[in-house]
Amino acid sequence: MAVRLNEDKEMVKMIREGLKMKDGYCPCRIEKTPENKCMCEEFRQQIADPDFEGYCHCKLYYKERD
């Protein structure tokens, strides 16, 4: 299992700017809750799922299966 950044450098730049503006909270989510702090709870659960492969909600990270 590996987690990597999105290959689209412009998207990564845009999302990181959004993270800075929201103090580290997912720019794609409205609420500033602990569950939405990057790396969000949803993606941490997806990382723990051995069958999951894909992007996090905001598409900053991608989880690859072995």
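## Backbone torsions

At 39% relative accessibility, Lys59 counts as partly exposed, a class that lies between buried (under 20% relative accessible area) and exposed (over 50%), computed with a 1.4 Å probe on protein chains only. Lys59 sits in the loop between β2 (54-55) and β3 (61-64), and its phi is near 70°, a positive value in a residue other than glycine. This is a predicted model, in which local features need pLDDT of at least 70 and side-chain atom pairs count only at pLDDT 80 or more, while totals for chains, interfaces and linings use all residues. Residues are numbered from 1 along each chain as its sequence is written, and side-chain values use heavy atoms, with hydrogens and water left out.

Asp23 also has a positive phi, near 55°; Asp23 is placed in the loop between α1 and α2 and is exposed, with a relative accessible area of 53%. Most residues other than glycine have a negative phi, and most peptide bonds are trans.

## Helix α1

Helices (H or I, at least four residues) and strands (E, at least two) are DSSP runs, numbered from the N terminus. The 13 residues of α1 (residues 9-21) should span 18 Å at 1.5 Å a residue, and the end C-alpha atoms are 18 Å apart, which agrees; the expected span is 1.5 Å times one less than the number of residues.

In α1, Val12, Ile15, Gly18 and Leu19 are buried. Seen down the axis of α1, these buried residues fall within an arc of 125°, so they line one face of the helix, the arc being that of the directions from the helix axis to the C-beta atoms. On the other side of α1, Lys9, Glu10, Met14, Lys20 and Met21 are exposed.

## A buried loop residue

Asn36, in the loop between α1 and α2 (41-48), is buried, with a relative accessible area of 9%. Leaving aside neighbours within four places in sequence, Asn36 is in contact (heavy atoms within 4.5 Å) with Gly24, Tyr25, Cys26, Arg29 and Glu31.
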